[in-house]
Amino acid sequence: MPPHNFNIAIVGAGIGGLGLAIGLSHLGVPFTIYESAPAFSAVGAGVGLGPNALRAMDLIDKRFRDLYMDIATGNLKPEKKHVMMEAMLMEEGLGEGESWWGHGEWGSKNFTRTGAHRKDLLEIMTSFIPEHAVRFNKRVVSMTQGEGCVALTFDDGDVIQHAAVVGSDGVKGFSRRIVLEDRFPEAIEPVYTGKYAYRAIVPMDDAKEILGDLATDAKMFMSKGANLSTYPISEGKLMNVVAFKRDTLPWGHPDFAYEVSREDMFADFVETRPDARLVKLLHWAKPTRWGIFHHPLTPTYYNSLICLLGDVAHAGGPHQGAGAGQCLEDSLILSRVLGKLYTLDFPSAPSAPSPLSTPSPLRTRLVEAAFRAYDEVRRPRAQEQVRTTNECGQIYNLLDPVAGDDMASVVRDLNARFLWIWEHDLEADVRRVEERFEELIGNYGHEK
C-alpha cells in the first residue's frame, strides 16, 4: 500500500520545479511546492524548446506536449520549419551580398522550430498542478537533514518536515549551498560568463516595419563584441529580441540585473557599428542589464535527502536555446526514478506499513539511491550543455579558435553543434535511471 505521509518538497516554481510536479502528479507521487513569490510568475520573455524538450514533455505527460504545441510558434515561413536560426552580421548591411549570404541557416530535418512566451508556457504547466499542492509566500531559510526526513524552516517561522527535498530555486538558489557546502564549497557560487543582455518584446507589425522580410523567422546577428537574436513568439504576433554584450570586466553589481540609462545601453553597441535597423529594435528594450551567470562545475546534484534540479544545478548561458529543455529532462528523469521508489514492492512484509511511510535509515538509503541514479544519468549531459553553450557564445562573437570570423565555417559548425542535444535518446535515459536505481537498492526493497 502506498505510504500516505511520504511527501516530496519542491522548492521553487519555475519550469524545472513545475515540470517535476507534473511528472510526480502523473505518477501519483505526493509533493508540495513551496514558492517564495505570492503567485506563479514568469521572469523573462521568449523560451525556445528543441525536439529533446518536446520528447521530455511527452514522456512526462502526453497532455503537456499537446497543450504546448497549441500555443507554440515556429518560424513564420513554412520553408523555414526545420531552421533553428539564420546567421547574419550586426554591422551595417548585415552581411548582405557576401558569398555566404542566403546560406546562413542551421537546423536539422529532426528539428522543428518552436518558441513561446514564457508566461504562456507557465500557464499551461500550472494548469496541471492541484491548488492544495502549492504554498506561496514561503521562503526557505534553512534545511536540516535528519534520519529519513528533512526539516524546512521558512521566514515566517513555520517548520515542515518532508521525506526529501528537491531544490529548483534558480541560479542563485539557497538549496545549492546546502548540497555543496560540506564537500565542495568552492563550487557554490555562480560564475559570471562575461556577458550581459538587454531584452525586448516588439509587436510583429513594428518589427516588420524595421526589418521587413527578415522579421518573420529566427535570426542571430553576430559581431566580435556583441550578438543579437530575434524570433517570433505568441503565434507570430510578437518578436522576442535579446541583445548580448561581451564584457571584459568582473560583474560589479550586487544584483544579477540592474537598470542603466538608455544612453549607456546604446553606447554598449557603438563599437560593433550595428546596422541602423538593429538600433531601432533596441529602442524597444528596457535599459536593464541582465548578467549571464552559470555553474561550470557541479560535482554532485544531491546530498543525502536533498537534490538539485534545473538552473540551481546546471545554469548555463542561453546560446544553445537548451536551458529550459535541460530543466524538463531533469524533471522527466527525476520524476520517473521517484515514481519507481514510491511504488516499490516490499514482499517480506505485505501486511505491514510501507518502509517509506515513516522516517528510518532504510527510507534514507532508498531515497539516496534514487537521487544517486538521477545524478549519474543527468549530471554528465547537463554539465556538457553548460560547457558547450559557452563555446557557442564564442562562435556568435566570431571568436571560436577554429571558425573565427569566417561565416561559412561558423555556419558549418552550428549545423553540427546541436545534434547531440536534439537527438538524444531520453527513453534510454529513463530505462537507465530505473535500472540503476534497482541495482543500487539491491535487497533493500525486501527488508523490513
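**Charged side chains and their surroundings**

Author: Start with Lys81, which is partly exposed, with a relative accessible area of 47%. Keep in mind that this is a predicted model. Lys81 belongs to the loop between helix H3 (62–71) and strand E4 (83–89). Set aside residues up to four places away in sequence, and Lys81 touches Phe111, Thr112 and Arg113. Now look across to Lys245. Lys81 and Lys245 are 164 residues apart in sequence, and their C-alpha atoms are 29 Å apart in space.

Follow the contact from Lys81 to Arg113. The charged end of Arg113 sits over the ring of Tyr231, 4.6 Å from the ring centre. Another charge over a ring is that of Lys172, which lies over the face of Phe256 at 4.6 Å from its ring centre.

The model has a count of 16 aromatic pairs. Take Trp251 and Tyr258: their ring centres are 5.4 Å apart and their planes stand at 65 degrees, so this pair is edge-to-face. Planes must be over 60 degrees apart for that label. Trp251 is buried, at 17% relative accessibility.

Next come the salt bridges. Side chains of opposite charge can pair when their charged atoms come close. The count here is 29 salt bridges. Begin with Glu123 and Lys119. They form a salt bridge, with the closest N and O atoms 4.0 Å apart. The cut-off is within 4 Å. Both residues are in helix H4 (residues 118–126), four residues apart, so about one helical turn separates them. An α-helix has 3.6 residues a turn, so residues three or four places apart point the same way. Glu123 is partly exposed, at 47% relative accessible area. Lys119 is partly exposed too, at 40%.

Now move to Asp158. It pairs with Arg135 in a salt bridge, the closest N and O atoms being 3.7 Å apart. Asp158 lies in the loop between strand E9 (150–154) and strand E10 (159–162), while Arg135 is in strand E7 (residues 134–135), so the pair ties together parts 23 residues apart in sequence. Arg135 counts as partly exposed, at 33% relative accessibility. Asp158 is partly exposed, with a relative accessible area of 30%.

Asp158 also meets Lys138 in a salt bridge, at 2.6 Å from N to O. Lys138 lies in the loop between E7 and strand E8 (140–145), and Asp158 in the loop between E9 and E10, so this pair ties together parts 20 residues apart in sequence. Lys138 is buried, at 5% relative accessibility. Elsewhere, salt bridges link Glu384, Arg387, Glu391, Asp413 and Arg417 in a network.

What about a buried charge without a salt bridge? Arg363 is one. It sits in helix H11 (residues 361–396). The nearest side chain of opposite charge is Glu147, 8.5 Å away. A salt bridge needs a nitrogen within 4 Å of a carboxyl oxygen, so that distance is no match. The side chain of Arg363 does reach the backbone oxygen of Leu356, at 2.8 Å. Beyond its neighbours within four places in sequence, Arg363 contacts residues including Phe6, Gly148, Cys149 and Ala163. Pro355, Leu356, Ser357 and Thr358 are also among its contacts.

Arg176 is also buried and has no salt bridge. Its place is helix H5 (residues 174–180). Glu189 is its nearest side chain of opposite charge, 7.8 Å away. Which polar partners does Arg176 have? Its side chain joins that of His295 in a polar contact of 3.3 Å. A polar atom of its side chain also lies 3.3 Å from the backbone oxygen of Ala313. Not counting residues up to four places away in sequence, it touches Ala187, Ile188, His295, Leu297, Thr298, Leu308, Val312 and Ala313.

Finish with a whole helix, H2 (residues 51–60). Seven of its 10 residues are buried, so H2 is largely enclosed by the rest of the structure. The buried ones are Pro51, Asn52, Ala53, Leu54, Ala56, Met57 and Ile60.

Conventions: Residues numbered from 1 in each chain as written. Predicted model: local features only at pLDDT ≥ 70, side-chain atom pairs only at ≥ 80, totals over all residues. Heavy atoms only, no water. Phe/Tyr/Trp six-rings, centres within 6.5 Å; stacked < 30°, edge-to-face > 60°. Buried < 20%, exposed > 50% of the residue type's maximum accessible area, 1.4 Å probe, protein only. Lys NZ or Arg CZ within 6 Å of the ring centre and 35° of its normal. Helix = DSSP H or I, 4+ residues; strand = E, 2+ residues; numbered from the N terminus. Lys, Arg positive; Asp, Glu negative; His and termini not counted. Polar contact = N/O pair within 3.5 Å; in protein donor to acceptor, adjacent residues only side chain to side chain. Contact = heavy atoms within 4.5 Å.
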